[in-house]
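Here are my notes on the model you sent over.

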Amino acid sequence: MATTWAAGEYPLMGQRLKAAAQRTVDRARVAPGDRVLDIATGTGNAALMAAAREGVVVGVDLEPALLEVARQRAAELDLPVDWREGDAGALPVPDGAFDAVVSVFGIMYASDQAGAAAELARACAPGARVVLANWTPDGFLPAMGAALSPFLPPPPLGAGSPSRWGDPAVVGELLGGAGLTPGDVQAEALELDFEDRLSAVAFLVRTAGNVVAERPRLEAEGRWPQLLATLAALVTERGTARDGAVVLRLDYLLVTATKPSS
Ligand SMILES: C[S@@+](CC[C@H](N)C(=O)[O-])C[C@H]1O[C@@H](n2cnc3c(N)ncnc32)[C@H](O)[C@@H]1O
């Protein structure tokens, strides 16, 4: 199934998110031989890190074009990963098949949140470790989504806001409701630095497939400059200047859970 995730240059953003994938895989304590599932793997950051730790890894994503990038990276690194096209709401994996299940800014985008949590729990073997990195509701990317929402198509009817997964109470309910035992949550942040404000805006636009996909329409409507100005204002408001660079801080929650042993 094709989505707008690959309409822009998401792989460039994926490169900037590697540190979060590393924290996630570290927190999941992936050890040689562990069966690991990376939900919404994108270009494969966490899956490849788990494979480098000799996990037996499956990476699932909706977007074939991003999976193709992941496949190429795996070939270059000579790391075996089983890449599967599929939806977090209907994972193409058997029941109880994984010792560790991770998702880095991924499962949070499933439109049926309770359904995706149930699928995550179904994939877990008894005692499995779950670690998720989820943007927090007050962080930069949710703020960007809100600022740009007047320019973009509405989310699917009934879809909850993705950053609910970055709210400790709500994510605890989602995971607990699926039969997992919620563990600790930890506030984390990534910092993205840019030469200047305009470079930050250009990067955010070219890596956001949902924005790139709407550009022809917005240009035809004469609203593209307004979108750029809106984003520039947000970068000015939220960015900080450091050593001649503009730094955007992306807050996220590292969420853990376990599948009960019996
Ligand atoms: C922000 S990217 C994160 C990708 C990757 N985990 C990373 O760390 O770079 C979000 C990913 O979620 C995928 N995605 C969105 N909704 C999905 C769904 N319902 N099922 C599976 N993948 C989904 C997109 O295709 C995209 O690859």
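1. Arg 122 comes out as partly exposed, because its relative accessibility is 23% and the buried class stops at under 20%. Keep in mind that this is a predicted model. The salt-bridge partner of Arg 122 is Glu 119, with the closest N and O atoms 2.7 Å apart. Glu 119 has a relative accessible area of 13%, so that residue counts as buried. Both residues belong to helix 5 (residues 113–123), where they sit three residues apart, about one turn of the helix.

2. Next, a salt bridge across the sequence. Asp 193 and Arg 16 meet through their side chains at 3.9 Å, N to O. If you apply the 4 Å cut-off for salt bridges, that 3.9 Å pair is in. Asp 193 is part of strand 6 (residues 181–194) and Arg 16 is part of helix 1 (residues 10–16), so this pair ties together parts that are 177 residues apart in sequence. As for cover, Asp 193 is partly exposed at 46% relative accessible area, and Arg 16 is partly exposed too, at 29%.

3. Arg 249 pairs with Asp 251 in another salt bridge, and here the closest N and O atoms are 2.8 Å apart. Arg 249 is partly exposed, with a relative accessible area of 46%. Why does Asp 251 count as buried? Its relative accessibility is 19%, and anything under 20% goes into the buried class. Elsewhere, salt bridges with shared partners link Glu 214, Arg 217, Glu 221 and Arg 223 into one network. The whole count of salt bridges comes to 17.

4. Where does Glu 214 sit? The answer is helix 9, which covers residues 209–220. Glu 214 counts as buried because its relative accessibility is 15%. Leaving out residues up to four places away in sequence, Glu 214 touches Leu 152 and Pro 153.

5. On to the ligand. How many residues surround the ligand? There are 17, and the closest are Tyr 10, Ala 40, Asp 61, Ala 88 and Val 104. Sorted by class, that shell has ten nonpolar residues, four polar ones and three charged ones.

6. If you're checking the pose, here are some polar pairs to look at. A polar side-chain atom of Tyr 10 is 2.6 Å from a ligand oxygen. For Val 104, a polar backbone atom lies 2.8 Å from a nitrogen atom of the ligand. For Leu 62, the polar atom is again a backbone one, with 3.4 Å between that atom and a ligand nitrogen. With a limit of 3.5 Å for polar contacts, the Leu 62 pair at 3.4 Å is in. On its own the ligand exposes 600 Å², and the protein buries 96% of that.

7. Last one: is helix 3 (residues 45–52) mostly covered or mostly uncovered? Mostly covered, since seven of its eight residues are buried, given that buried means under 20% relative accessible area. The buried residues are Asn 45, Ala 46, Ala 47, Leu 48, Met 49, Ala 50 and Ala 51. After helix 3 comes Glu 54, which has a positive phi, near 70 degrees.

Methods: Residues numbered from 1 in each chain as written. Predicted model: local features only at pLDDT ≥ 70, side-chain atom pairs only at ≥ 80, totals over all residues. Heavy atoms only, no water. Near = heavy atom within 4 Å. Polar contact = N/O pair within 3.5 Å; in protein donor to acceptor, adjacent residues only side chain to side chain. Areas by Shrake-Rupley, 256 points an atom, 1.4 Å probe, with all protein chains shown as cover. Nonpolar A, V, L, I, M, F, W, Y, C, P; charged D, E, K, R; others polar. Helix = DSSP H or I, 4+ residues; strand = E, 2+ residues; numbered from the N terminus. Buried < 20%, exposed > 50% of the residue type's maximum accessible area, 1.4 Å probe, protein only. Contact = heavy atoms within 4.5 Å.
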